[in-house]
Amino acid sequence: MAEATTPLASTSKLQEEERGGVEKIEKTARTRPPPPTLKQDPWTRSAVTAAFWAVALVGVPYWWNTTTIERLQLPNQRVHAWKSKSPCYLRPPVSLRVHSSAGAASAVEVQSRLAAYLPAGCLDLWVGSGDSQLTGTEYSLLLDNQNRPTSEPSTPSRAQVVGKRAISMPGQSSEEATRKAVESLLDLRPSLLDDVGHDRVVKFAPAYKLVFSLMNEDSSSGGMVGGWDIENLIKTHIQPLLTVLGPLHRFSIETQVQYFAPLSINIHLTDQGSLIDADDLRAFVNPAEWNLASSVTLDPVLNFILYVPSPSHRPLRIKTSSGAVNSANAFTSPQWGGVVIFNPESEHSADGDMNPAFRLFRHQLEALLGVPTPAALATSSKAKFRTPAQWQVDALIRRRLEEATKETVETLHSIVKLVDDLPNMRVGKEVQRGVKEALNELDTAHQILSTSPASALSHVSRAHQLASKAYFNPTMLALLYFPDEHKYAIYTPLFGPVAVPMLVSLLKEWKAWKERRRLAAGAKVKV
């Protein structure tokens, strides 16, 4: 019978085996030779540490150069010099020569009164008489004691244009007559900021695109206008104006015909026809259902719509706020374009003379472009539909010069101020070149202003384009909002783990070097 093994005996046996294994390991460890160790050479360790620091020191300039924001110097002094000329950045020279049939004494008398009454504004105004030497654009004021023959009856109390740059006044030398002459001559120097309707004038641009649209309210009801002699209409009414304004702007023309253009405003039906309230005209154009899109262009677009109502709404007329009917049956949308409601001659006919509508389009285009209206000069009811006179073109050039120069200088000043306020903003070669070229164009415009205001305007327009391009340069906007906290957040995790060991090793080497010097000094003392 086999002997049973108790748990106590089994545990004692395991403990004896463990003690024997430990004693065997200790004995082997005592008899094993120590592992070979590398000889500690302090100069080798110092050389390795120095090599790491040398690589870091060589790489820091390269890293600094590749991560530094480029900030080229801008011509701040030139920009501030132009800004200091505000509000009259350019002062076109204008001369007024007084001619009087009463003799030179009367001309000199009127000359002195005009110099006292006529405010120059942003003009270098010169008033002279006879053969005196004058500069700049010259205008003539004719003072006659007899009525001057003109194509239209003269108005005794008002001046009258009798030539390109000649104005005739009734032959009076009184102070009251001089004041009236001053009121007339104020039209020669209109300011865009002083105009009552300046809000409707489009911003200056070197080129505009004109889109003429023939819109039928509902062609399915009959009586639609399917075509128009647009080439002859534009040639007769629009092209002469574009030719006169050629020194200021370039124009491109596009036409279209649409057969379904419903209205989204309320139409009031009466016995005399349909009426639209003037207050609803702001919603007359329905862009949701009217396809007014033109070809892709960067030039400002001016729309002119000839709207043909359906037979059920003819004649469609505009009721003013006073309750009267708008005789022109047209309206202008500020800085957008104009609309003329065209009612054919009969209810179901598409016939009708479109010449009056295009004369209105020309008048609307003049208003949108800012062609000055002769407020004080004598004009007839048909004068507003004629091609602008030379003095009107001159005044428009001076307006646009004032507007474009102001916007250009303010844009350049904003660039300089923005760069000074944001140290992290990049200023590359493109921005620097754009600012310098814009200033050069302004200087050129100032030099040729007295001889050719139209050429000066083209240089100012070029300066405005360069300044706007520099202001919206994408390289400037990329780092516009990149504060120093972002840099710390990026570089600390990158350089922190590398810099700490290198600094600790450098500290150890410095301590070891001091210890070696101390031991060397002690050895010399013993010897």
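Phe358 is buried, with a relative accessible area of 0%, where buried means under 20% relative accessible area, exposed means over 50% and partly exposed lies in between, for a 1.4 Å probe and protein chains only. The model is predicted, and local features need pLDDT of at least 70, side-chain atom pairs count only at pLDDT 80 or more, and totals for chains, interfaces and linings use all residues. Residues are numbered from 1 along each chain as its sequence is written, and side-chain values use heavy atoms, with hydrogens and water left out.

**Aromatic rings**

A pair of aromatic rings is described by the distance of the centres and the angle of the planes. Rings of Phe, Tyr and Trp (its six-membered ring) pair if their centres lie within 6.5 Å, and planes under 30 degrees apart count as stacked, over 60 as edge-to-face and the rest as tilted.

| Pair | Distance of centres | Angle of planes | Class |
|---|---|---|---|
| Phe304 and Phe361 | 5.7 Å | 65 degrees | edge-to-face |
| Phe358 and Phe361 | 5.2 Å | 90 degrees | edge-to-face |

Phe304 is buried, with a relative accessible area of 1%, and Phe361 is buried with a relative accessible area of 1%. Phe212, Trp228, Phe304, Phe358 and Phe361 form one aromatic cluster.

**His237 and its surroundings**

Phe358 is also among the residues touched by His237, together with Asn355, Arg359 and Arg362, not counting residues up to four places away in sequence, where contact means heavy atoms within 4.5 Å. His237 is found in helix α6 (residues 230–244) and is buried, with a relative accessible area of 6%. Its side chain makes a polar contact with the side chain of Asn355 at 2.8 Å; a polar contact is a pair of N or O atoms within 3.5 Å, and within protein one must be able to donate a hydrogen and the other to accept it, while residues adjacent in sequence count only if both atoms are side-chain atoms.

In strand β13 (residues 337–341), 5 of the 5 residues are buried, so the strand is largely enclosed by the rest of the structure. In a regular strand the side chains alternate between the two faces of the sheet. Gly337, Val339 and Ile341 point one way from β13, whereas Gly338 and Val340 point the other way, and all are buried.

Two strands pair if DSSP finds at least two bridges between them. Strand β12 (residues 330–333) runs antiparallel to β13 and is joined to it by 4 bridges, and the bridge partner of Phe331 in β13 is Val339. The hairpin of β12 and β13 has 3 residues between the strands, and in this hairpin Gln335 takes a positive phi near 60 degrees.

Key: Helices (H or I, at least four residues) and strands (E, at least two) are DSSP runs, numbered from the N terminus.
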